[in-house]
Amino acid sequence: MAAQVNPVARKTVFVTGANGYIGSAVCRAFVRAGWHTYGLVRRREAADTLAGEEIIPVIGSISKEATFLEDLYKHTKTVDVVVSCTEAIPFGAHCEALLVSLQKLAETSNRNGVRPLVLMSSGCKDYGTTGLHGSPGLAPHTEESPLKPMAILVERTFGTLKVLEHTDVFDAAVLRPTPVFGYDSSYYGFALELAAAAAKTAERRLELPLDFNTILHGCHIDDCAEAYLALAEHADRAAVAGQSFNISASRYDTLASVTKALEAEYGLTGGVVRGGGPAPSLDIVLGYSQWVDSTKIRKLTGWTDKRMLLSENLHAYRIAYEEAARRGHEGVLKVKERVTVDFAAAKV
């Protein structure tokens, strides 16, 4: 007797910035979970990459005159979840255009019987810094912490909150991941590039003008993407809507733990020591001390991080990054460009 095939109702997600570091990981997480997954990208070559990952590409860009929704409607007029992973500096105009597109998409979806949930990406730098590891009174940032972003992030920090004002057409939550790592595009690749350069010098020493008690609280990109999925699939929509959620690993690295791993991995017999001149990118990537609590999303959804810290699995992260560099991955190239600017300041 032939087995009966019973159709299963599948949900639909639309991800903007689908070829970005977080966006591509989010797409893959939803695909693995059995969602119809659509991803917005600007270029045809990026669309081909998405198609190879079983993500249905939609080509277009965020603007008030955007036409990509008509292409999406050829596939579906309803979306259960929209995940925004696009960023632009300055963010203000981009955010306004994004909200116009989100409202149009939600209105169409509502007319066809589905009220979307919008998961808006921001970041934990919205809170500013915490103290160093071991400093008196050290406490993590929670969702209740005041927002104190650096100047360049002010428009993003407060612009993303506007997504919570459109309760007439969609539910929404703001997500604030810590810096992420793994595979290719992480700005922690900055540290790998510096260590690789130092390993080629006679001294095999790397000098960093930073405090080694700096807290580097990262999260593996796969764990981060699963957090987005956990919120999207949570049964109680009302508990997600109108909220903000931090996404972080359960433990943090310090600059000391990361540099110790770099010394061993790259054979830096001269060590990684404090010294050298100021470098803006070093300060932002490796000198930005922040401890972030993610109890809220864990208690609500049961999400947890599973991957090892950067310092605990540095060799695997290094070879993945170097393979991406060999393939000419766009994210790695951006990291390399930034590192080149600051090589003179960080003595190697």
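These are my notebook entries on a predicted model, arranged by topic.

**Entry 1: Confidence**

I began with the confidence scores. The protein has an average pLDDT of 92, and 94% of the residues score at least 70. I then noted residues 342-348, where pLDDT stays under 50. For this stretch the model has 25 contacts beyond four places in sequence.

**Entry 2: The sheet**

I next traced the open sheet of seven strands. Its order is S3-S2-S1-S4-S5-S6-S11, and the pairing is parallel. S3 and S11 are the edge strands, since each of them pairs on one side only. Direction ignored, neighbouring strands of the sheet are turned by 20 degrees against each other on average.

I looked at one pair in detail. S4 and S5 are joined in the parallel sense over four bridges. Within this part of the sheet, Val 83 stands opposite Leu 119 of S5.

**Entry 3: Helix H2**

I then turned to H2, which packs on the sheet and touches S2 and S3. The direction of H2 makes about 165 degrees with that of S3.

Which residues of H2 are buried? I found that Ala 46, Ala 47 and Leu 50 are buried in this helix, which spans residues 44-52. Seen down the axis of H2, the buried residues fall within an arc of 105 degrees, so they line one face of the helix. I recorded strand S2 (36-41) and strand S3 (56-59) among the elements that cover them. The face turned away from the buried side carries the exposed residues Arg 44, Thr 49 and Gly 52.

After H2 comes Glu 54, and I noted that its phi is positive, near 65 degrees.

**Entry 4: The nonpolar cores**

I looked up the largest nonpolar core, which holds 38 residues. Val 83 and Leu 119 touch the most other members of this core. Several elements each supply at least two of its residues, including strand S1 (12-16), helix H1 (21-32), H2, strand S4 (81-84) and strand S5 (117-121). Strand S6 (171-177), helix H7 (221-233) and strand S11 (243-247) are also among these suppliers. H7 gives the most, with nine residues.

A second, separate core has 31 residues, among them Leu 194, Ala 195, Val 258 and Leu 286.

I returned to Val 83 and listed its contacts, leaving out residues up to four places away in sequence. Val 83 touches Val 13, Phe 14, Val 15, Thr 16, Val 26, Phe 30, Leu 119 and Tyr 228.

**Entry 5: Asp 253**

Is Asp 253 buried or exposed? I found Asp 253 in strand S12 (residues 253-254). Asp 253 has a relative accessible area of 5%, and is therefore buried, the cut-off being under 20%.

Its contacts, not counting residues up to four places away in sequence, are Thr 214, Ile 215, Leu 216, His 217, Val 258, Leu 309, Leu 310 and Ser 311. I also checked Asp 253 against Ser 63: the two are 190 residues apart in sequence, and 39 Å apart in space from C-alpha to C-alpha.

**Entry 6: Glu 330**

My last entry concerns Glu 330, which lies in helix H13 (residues 330-342). The relative accessible area of Glu 330 is 37%, so this residue is partly exposed. Along the chain, Glu 330 and Gly 20 are 310 residues apart, and their C-alpha atoms are separated by 9.6 Å.

Notes
Residues are numbered from 1 along each chain as its sequence is written. This is a predicted model: local features need pLDDT of at least 70, side-chain atom pairs count only at pLDDT 80 or more; totals for chains, interfaces and linings use all residues. Side-chain values use heavy atoms; hydrogens and water are left out. Buried means under 20% relative accessible area, exposed over 50%, partly exposed in between (1.4 Å probe, protein chains only). The arc is that of the directions from the helix axis to the C-beta atoms. Contact means heavy atoms within 4.5 Å. A nonpolar core is a set of buried Ala, Val, Leu, Ile, Met, Phe, Trp, Tyr and Cys residues joined through side-chain atoms within 4.5 Å. pLDDT is the predictor's confidence in each residue, from 0 to 100. Two strands pair if DSSP finds at least two bridges between them. Axes are lines fitted to C-alpha atoms, for helices over the stretch in contact, and angles run from 0 to 180 degrees between N-to-C directions.
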